[in-house]
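Here is a short briefing on a protein structure. Please look at the sequence and the model before reading on.

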Number of protein chains: 2
Amino acid sequence: VTDAPADSKEIAFVVYPGLTLLDLVGPLQALSLLPVLGLPFETATVGEALDPVETDVPLTISPSRTFDDLPQPTVLVVPGGAAPTMRALGDDRLLEYVRTAARSADIVASVCTGSLILAAAGILTDQDATTHWSCAPQLERLGARYLPERWVERGNVIASAGVSAGIDMALHLAARLAGEDTARQIQLILEYDPKPPFGPIEWDRVDRRSMDPAVDGWIRGALASRPDLIATLSGEPAGASGRA
Amino acid sequence: VTDAPADSKEIAFVVYPGLTLLDLVGPLQALSLLPVLGLPFETATVGEALDPVETDVPLTISPSRTFDDLPQPTVLVVPGGAAPTMRALGDDRLLEYVRTAARSADIVASVCTGSLILAAAGILTDQDATTHWSCAPQLERLGARYLPERWVERGNVIASAGVSAGIDMALHLAARLAGEDTARQIQLILEYDPKPPFGPIEWDRVDRRSMDPAVDGWIRGALASRPDLIATLSGEPAGASGRA
C-alpha cells in the first residue's frame, strides 16, 4: 500500500494510548511531505498492535505498522502527552521498542514529554535535552539536563519542547535529512507562517511551576502500580516510595 | 463518556476521508483545552459514520460522533486537504450536514481548503474569506473573495489560511468563546511560541501559481464523475465541461 521506492528510509512515529495528538501530527504532517516531494523517505506510525487507540482529544487513531513490523526505522520520533505518557514510562514493551529502534536509527527525536520516554529508555542519560516546560524537573530526575530551548540537538538525538514545538523541530529535521530548500518547501505547503494572535509567549510572566500539582496528579494517577517510578519522578529520596 | 457539564456547548470538527490531518488536529488540540480548563465547552469529531477513515498521512482516524448524532453544534469547524477535499465538494451528504449545522451554529470556521467546502455549501457567497494560498482561484470560482490573510473573520464565519493557520485561528476563536486570558493559557499549554528554523515564509519569493498543475490534477482526478464541478473549479466557460 505504498508507492515509495524500495530503498526509502523509514521515519517511524511511535503511537501509544492517550498521547497528545498534536505532538504526533505536527511532525508527521511535515515529514510526510518528503515522499510527496519525491524524496526517498516514507513515514509510518507504529504501535504495539494495529488496533485503534484513544488520544487526549476525541479522535481515535490506528497506526499503520506494528513494533514487530518496523524494528529498525531510520528515524524514530516519540510524541508526548500528559498522564498517559507517565503511564508509558512503565510500559516495558514500549520502552523496549524505543530502546531497540533507537540503537539502529540514524536520528531519534522526541516531542514534548516524549523526551521522558527517551530518558526512561536510557537514551538521554547525562545529556542536554528539552521537554514541555511543565516537566523539566521530571526530565532531570530521569537523568537528562533540561534546557529551555525550542529544540535541543546533540548528535543523533533531537528533543523538542512542548506540543507545537514538534513542527519547528520537524522542519529542522527535514533540513537535516533533505536540505534546507526541501524544508522551506514543506514550510510553504503547510503555510507555516505563524501569527499567534496575542504574540509570542511572555516567558517572564510565566510561573514555570504553575502546573506542578497537575503533573504530580498525572504521575500518581498513572503509575499507581509503580511506586519506584513515582519516587523517581517526584524526586523522593530512595525508599520513600514505600509510603505509596 | 464525557464529564462535561450537561449545558456544555459543542464544538464539532467535521471528519471526511483523506483530509489533511493537521488541519483538523491543530484547532482540535487547542479547543479541547477549553473543557480541560473547566470551561463549559466540549469538542467532538463528527463523521458520516463512526468507522475509521484514512487521512493524508499514515494514520487512520475514527470520529467520536456522527452527523445524525450532532446536528446542531454551537461551533462548526471544517478542515481541508488536497484531492480528497475536492472530492468532498461533490459529497452531497457532507455538504448537507455542513449547510444544516452552519445554519444553527453561532460560529462556523474553516481551515485551509475547508473554506472550499463552506463555499460549495453556499456559506461564503460574495463574502471575504481565505484558504490555502494555492487554491485562491478555486475559492473565488465558488463565489467567495480571497484575501491573503492568516484568517478572515466576517460575522459568524472565520476562514483560516493553509494547514498550520488553523492553530492561530483556533487561539483567536478560543478568545472569542472564552476570553483572551483563556486563549493565552491554551497557547502556553501548547507551548505555542513558534520558531520556524528558517524564519517566516518569504512571500515575495513565492510563485503563488506554482501549485496550479497539482491543484488541477486533484480536481480532475477526484471529480471525474462531476464535470459540472470540474468546470466551476477550473474556471471553464459554461458548457465547456461537456468535453470532460
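The points below cover the interface first and then the fold of one chain.

This is a predicted model. Chain A and chain B bury about 4,900 Å² between them. A strand from each chain pairs across the contact, β3(A) with β3(B). Within chain A, seven strands form an open, mixed sheet.

**Extent of the interface**

- Chain B gives 58 residues to the contact, and chain A gives 58 residues.
- The buried area is about 4,900 Å², and carbon and sulfur atoms account for 65% of that area.

**Polar and charged links**

- Between chain B and chain A, 38 residue pairs are in polar contact, with both residues at pLDDT 80 or more.
- Two salt bridges are found across the interface of chain B and chain A.
- One of the two joins A:Arg184 to B:Glu202, with the closest N and O atoms 3.4 Å apart.

**The chain B side**

- Five elements of chain B each give two or more residues to the side that touches chain A: α1 (21-31), β2 (41-47), β3 (60-62), α7 (165-178) and α8 (180-189).
- Helix α1(B) supplies the largest share of this side, seven residues.
- By class, the side of chain B that touches chain A holds 33 nonpolar, 16 polar and nine charged residues.

**Strand pairing between chains**

- Strand β3 of chain A, residues 60-62, runs antiparallel to β3(B).
- Three bridges join β3(A) and β3(B).
- A:Thr60 has B:Ser62 as its bridge partner in β3(B).

**The sheet of chain A**

- The strand order in chain A is β4-β2-β1-β5-β6-β10-β9.
- The edges are β4 (65-66) and β9 (151-154) of chain A, each of which pairs on one side only.
- Strands β1 (residues 9-14) and β5 (residues 75-78) of chain A run parallel and are joined by three bridges.
- In this pairing, A:Ile11 stands opposite A:Val75 of β5(A).

**Helices on the sheet of chain A**

- Helix α1 (residues 21-31) of chain A packs on the sheet and touches β1 and β2 (41-47) of chain A.
- The direction of α1(A) makes about 165° with that of β1(A).
- Helix α4 (residues 92-104) of chain A lies across β1, β2, β5 and β6 (107-110) of chain A.
- Helix α4(A) runs at about 145° to β5(A).

Definitions and conventions:
Residues are numbered from 1 along each chain as its sequence is written. Chains are lettered from A and ligands numbered from 1 in the order in which they are written. This is a predicted model: local features need pLDDT of at least 70, side-chain atom pairs count only at pLDDT 80 or more; totals for chains, interfaces and linings use all residues. Side-chain values use heavy atoms; hydrogens and water are left out. Contact means heavy atoms within 4.5 Å. Buried area is the accessible area (1.4 Å probe) that two parts lose on being put together, summed over both. A salt bridge is a side-chain nitrogen of Lys or Arg within 4 Å of a carboxyl oxygen of Asp or Glu. A polar contact is a pair of N or O atoms within 3.5 Å; within protein, one must be able to donate a hydrogen and the other to accept it, and residues adjacent in sequence count only if both atoms are side-chain atoms. Helices (H or I, at least four residues) and strands (E, at least two) are DSSP runs, numbered from the N terminus. Ala, Val, Leu, Ile, Met, Phe, Trp, Tyr, Cys and Pro count as nonpolar, Asp, Glu, Lys and Arg as charged, and the others, Gly among them, as polar. Two strands pair if DSSP finds at least two bridges between them. Axes are lines fitted to C-alpha atoms, for helices over the stretch in contact, and angles run from 0 to 180 degrees between N-to-C directions.
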